[in-house]
Amino acid sequence: MNEGNVRVPAGDGPVGASVEQRDSRWHVSGHTIYVDDVILPGMAHMVLARSPFPHARIRRIDLTDAQKVPGFVRALTAADVPKNIYTILGLIGFGLDEERALADERVRYVGEPIVAIIADTRVAASEAAKLVRIDYEELPAVFDVEEALAPGAPAVTEWGINAFNFDGRPFRQVRFGDADAAMKGADHVVEGRYQMSPIEHAPVETTGCVVRPEPDGRFTVWSNTQALNMSLDLTAHILQIPTRRLHFIGGTVGGGFGGKVDGMVEPLATLGAWLTGRPVKYVYSRDEEMIVSSTRNGVRIYMTDGVTNDGLIVARKVRSYIDCGAYSRHTPYAVQKHAANLAGPYFIPNAAFDIYCVYTNRQPSSAMRGFGVTEASFAMEVQMDRIAELTGLDPWTVRFRNAYHDGDLRPHRKPVEDATLIEAMQAAARLVGHRLAPELLAMSSKPREV
Amino acid sequence: MAKVTGRGIAAVNYPTGMNLGGDPTIALIHASTSGVFNISISSVELGQGLKTVLAQIGAEALGVPLETVVLHNDDADTGPYCTGTFASRTTHRAGNAIIAAAEEARGVMLEEAAELLAVEPGELATDGQGNIVVRSTKQSITVAEVCSSAHFVHGRNISGRGIFFRAKSPVDPDTGAMDPDSTEAHACTVAEVEVETETGQVRVLRLTSAYEVGRALNPRLVHGQIVGGAWMGVSHTLYETTAPYYPLIDHAPESFSEYLMPGPAESPVIEAEVLGIPSSNGPYGQKGVGEMTANSPIPAIVNAIYDAIGVRFYELPVTPEKVLRALEERRQSATLEPATAGR
Amino acid sequence: MTESITVRFVVNGVETTVFADPLTSLQTVLRDQLLLTGTKAGCRQGGCGSCSVLVDGRLELACLRPIAEVEGRRVETIEGLSAGESLHPIQTAFVENFALQCGFCTPGMVMATKALLAENAQPTKDEVIVALSGNICRCTGYEPILAAVEVAASRLADGAQTGASRERR
Amino acid sequence: MVGELAMSVSRYVAPESVEEILAEMKEQEGNYAFMAGGTIVQPLLSSGSWLPHTVIGLWRAPLAAVERENGTIAIGAGANMRDLASHTLPGGLSDAARQVGAPAIRNRATLGGNIAIGRGDLIVPLLALDAWVTLMSPSGTRDTPISEVLDQATGELRDVAEGHLLTRVLVPATESSSAYVAIGRKSYNTPCVASVSVNASFESSTTVLTGLKVAVHGPQAWPVRAEAVEQVLVGRGLDDGAIREAEEAMSSVGDGYSDSVASAWYRASMSRVVLRRALAQLAKGRP
């Protein structure tokens, strides 16, 4: 449908009413079936043997001891995976194939999967996974985003440069107005270096799936993915099977926060079910969720604002390094979103942003609640208080003066619609009993008078 | 041991929908013979109340009671395509898709009712209680009767299809010009903190926010996002990291006892007001609220710490160690201005 | 593998016999053998509280007790609290107060609340906080959960009073 | 353990008497693990991380009694944190037990297990109480100071996990003033950043210390007696100067250690803070 005028609810109908959450009676009674609650006859369990090193070459894999564990069923290695090398954003035509479902020659982060063990019980599979003997040659690793881009840094990627390529540049570029000229003309320059930490999603339910091979050649996949169709498409791609063979069931997730969109478990569990003919459960342990699953991006932001004596930001320059870890996953998307949001809710007439997606030997980072924006908001809003302090204005006034209005152009050149920052700030001030100056109270987000 | 308090503010915007678009979500609706409306969709519930709010939207748009709407989101065989639950997109996308599907299904339902009541469909209204009413005469018929008749008398298929789709925006490689969002939500948060100068521990006492997130389709669910997100904001600001010695990977937490998050004792008082100004394109004027709720608390808390002790922090999380080191550096630095602590 | 043993115990009032490796956790037996999957497995490390159950009336984590040590004991799980539509007052309070989002920690929260209110019918807020300090919720920020426990406590206290006054009559 | 060829657990026993436990120990010749509350061992078994040949369950044998006799309190190693918290044990032992984990953990975690991990929070008050432990083995029984079981110089545990059964802990039923102070990153259910236990005797109606025992976890990766602090304070009153010197002495106990919840620097700093707070508690209530 087209975007346009919206419907208005009837008023006495369900929209606008705080009706009870539909699942809540199921949740409180323990009736909700989460993916780990799918327990099937003959079900085997998958546990991964993983890299203990942040960067290493794999010399040899020896399964002899693992195979001796009572209950061992089968091991999967890179050679078993039909399309082992992929990148998840490849599904929407973005990025280069770079990550392997199972590592073959090199591992690039602690916890990278190498061998998938299938056994009768979870304990047996865990035990066998610990008995997979892997001979490694350790390689130098890099963990800092700026060190990773420096000459001579260990190459994390296969193409040698530890940065994602955006339209021929190692960064995404935004240029609006003339930031250099405006910066020179500014009364003050405020510079800051901000660092967002990598953070674990920590859903109480860990990532997982159960796959049952069906007699018609299909696979029923119970998954706690946040995106059923995306996980289905990725599984079909890695297994090189038509999507008609995959029946994904899910829709109820024990906490996501962006952590369950990487499609890490479904392809391997489906392959395991395919090759063993048994239902296979692959659910992350808590330490896997902590150490292996993707995190929020670590982000370093260098932000420079040119400011007038009136507290108006006339120019902003930003260089951000978004740490994707060993593989880019959804981070190039975060770069785009970061680039689109670096002016925040303010009108900044001159802007120049360079945003890097940097590879390091850290566990891959990916989507998490607000990524691309959360760290930008942190930097921008600390920056606003510094501007207030520098210009002798109070923090409210600086924000009101810079707030965007409907019709203002943002650095990405889309005019602002639905602007309501001023109204939100007026309400917040009222809630905490802060008296705003009359001219601030009189403001609105309506288009500026020309 | 001294405890000093401070107050800080932060204001944020947040885009609704996948950056650049290109992210379809489709809904199908069909009626049963007795007037139950089944919505099929593949959008995943994460606990935010998606199934609840989508059923509310469906019932509202169909004009039928909420309890007669059943929502199926569990099966990618029977549910049509959804890009996924992320990017504060799903209520917006799926909600709009459901409205479109509901309009089509409702149109067929009213055609059937019009034929039964010998009036024009335009003369009919639904009362939301399971009846279809002729506006002028107040003559009515139940939705159940209409659905039965559609199936067994006139062979009408009361169903509807809806999609929400924004074509993917290109990005100009040189200027970064793009269309990144459907709408923008806004929030302003005021944080009050207490810093214990002996240990460097920060306690967030209160987070007060005003949220402008379009029309709240289910106010308690919106409030739940705000409160849970505010707690996560506290957690991100003061506790959480997978790399306590960033950028090094040493001592990465492996369990809930090592990975620090605030418990119920550390939760601040959280108050929020939702303004409810409708957006121009969300279902019933909604905007996405799921992701943004952790964003404004973070800088608000950091700014409040500055207000309390006069030290500005640029790296998250602001651990007690960082606070204590900063305070000790100030104490040891004779050249500094008198501390602003305690003001 | 350790030789499996027969273990007899009572689950939600029902005499139950299982045949299992003695060192299998109660959690695994409840979930995989008895299909009582309301007891969740969020970490299997004793760190999340999602497998909270009552053993002989005391709060325990089902992931930490081997099934051999359940012999002769009385185990209560979330499934024992309600039947069909009829919910326990604690469960009703959670529903009405929106004291959950994804719901994964909820059975554990409800069981921890039950253990608390059995020992301390009118807990202070700090006592509730201590009682729930082993149960992790990543969604709600805890505030609605604390509110639900308060409501549940007052309703159960009212109910208990009603019960007692009936007896007096 | 990683690197060794693990064998699945082959045998599980839960004897009803100490004698039977000793007999089993003798029969298995060291290839066994004890399990009491399950809070430590069960997760390792469930994840396949640690699979000893035999697991000896300690819950059936009578090891949980708390008995007072002749100025000594004998605490069974099987007593759990909830039990310990419900008693009024000297030297902050009950306070420390009350702060271990969360209620469900305290209902299971035992004193013996807390000692056997070598880093348990209860070791701090036990060191400051000069506690002794009773160790039984197939070849005999002996009582040993806890400071010898946990090697103060290296942090290594001797004779607790291997070859010996820790049956009870002996602490003096002291009347002396004591305080236990711990700092964590959160209020509840959180690992200690630093903790200290002090036991003091005073000259009557002054704050002059006639005797003092201080144990701390924070300066070193394991709990230790802080003798340097004791030496500074004994014979002096708890005035600001003495406390400042005591804090300096605490700095000499160790530089702290780093883990996921705190760095060595912060631990060392908080070790001084917990000492300061504990001494303040002692001074409170003195004339």
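Helix 2 of chain B is mostly covered, with 20 of its 28 residues buried. Buried means 20 or more other C-beta atoms within 10 Å of the residue's own; exposed means 12 or fewer, partly exposed lies in between, and C-beta atoms are placed from the backbone. Helices (H or I, at least four residues) and strands (E, at least two) are DSSP runs, numbered from the N terminus.

1. The model is predicted: local features need pLDDT of at least 70, side-chain atom pairs count only at pLDDT 80 or more, and totals for chains, interfaces and linings use all residues. Residues are numbered from 1 along each chain as its sequence is written, while chains are lettered from A and ligands numbered from 1 in the order in which they are written.

2. Back to helix 2 of chain B. From first C-alpha to last, its 28 residues reach 38 Å, close to the 40 Å expected at 1.5 Å a residue. The expected span is 1.5 Å times one less than the number of residues. Ala118(B) follows helix 2 of chain B and has a positive phi, near 55°.

3. Helix 3 of chain B (residues 143-152) has these buried residues: Val143(B), Val146(B), Cys147(B) and Ala150(B). They cover an arc of only 95° around the axis, which puts them on the same side of helix 3 of chain B. The arc is that of the directions from the helix axis to the C-beta atoms. An α-helix has 3.6 residues a turn, so residues three or four places apart point the same way. The cover over the buried residues of helix 3 of chain B includes helix 2 (90-117), strand 2 (25-31), strand 6 (131-134) and strand 7 (140-142) of chain B.

4. Chain B has a domain assignment: domain 1 (3-15 + 181-332) and domain 2 (20-163). Domain bounds come from an automatic or database domain assignment. The C-alpha centres of domain 1 and domain 2 of chain B lie 39 Å apart. Their contact takes 15 residues from domain 1 of chain B and 13 residues from domain 2 of chain B. Two residues are in contact if their C-beta atoms, placed from the backbone, lie within 7 Å. By class, the domain 1 side has seven nonpolar, seven polar and one charged residues. Ala, Val, Leu, Ile, Met, Phe, Trp, Tyr, Cys and Pro count as nonpolar, Asp, Glu, Lys and Arg as charged, and the others, Gly among them, as polar.

5. Chain A contains 13 helices and 17 strands. Its C-alpha atoms fill a box of roughly 75 × 65 × 40 Å, taken along the principal axes. Of the 450 residues in chain A, 63% are buried. Among contacts in chain A between residues at least 6 apart in sequence, 78% join residues at least 24 apart.

6. Chain A is divided into domain 1 (36-139 + 201-291) and domain 2 (172-199 + 295-441). Between the C-alpha centres of domain 1 and domain 2 of chain A there are 38 Å. The contact takes 21 residues from domain 1 of chain A and 17 residues from domain 2 of chain A. On the domain 1 side, nine residues are nonpolar, seven polar and five charged.

7. The contact between chains A and B takes 99 residues from chain A and 108 residues from chain B. Helix 12 (residues 421-431) of chain A gives the largest share of the chain A side, seven residues. That side has 46 nonpolar, 29 polar and 24 charged residues.

8. The contact between chains A and D takes eight residues from chain A and eight residues from chain D. On the chain A side, the largest share, four residues, comes from helix 3 (residues 122-130) of chain A. By class, that side has three nonpolar, two polar and three charged residues.

9. Chain D has 11 helices and 12 strands. Its radius of gyration is 20 Å, close to the 19 Å that the globule rule gives for 287 residues, so chain D is as compact as a globular protein of that length. The radius is taken over C-alpha atoms, and the rule is 2.2 Å times the number of residues to the power 0.38. In chain D, 53% of the 287 residues count as buried.

10. Arg138(C) lies in the loop between helix 4 (125-131) and helix 5 (143-168) of chain C. Arg138(C) counts as buried because it has 26 C-beta neighbours inside 10 Å. Not counting residues up to four places away in sequence, Arg138(C) touches Ala202(A), Pro203(A), Val204(A) and Gly255(A).
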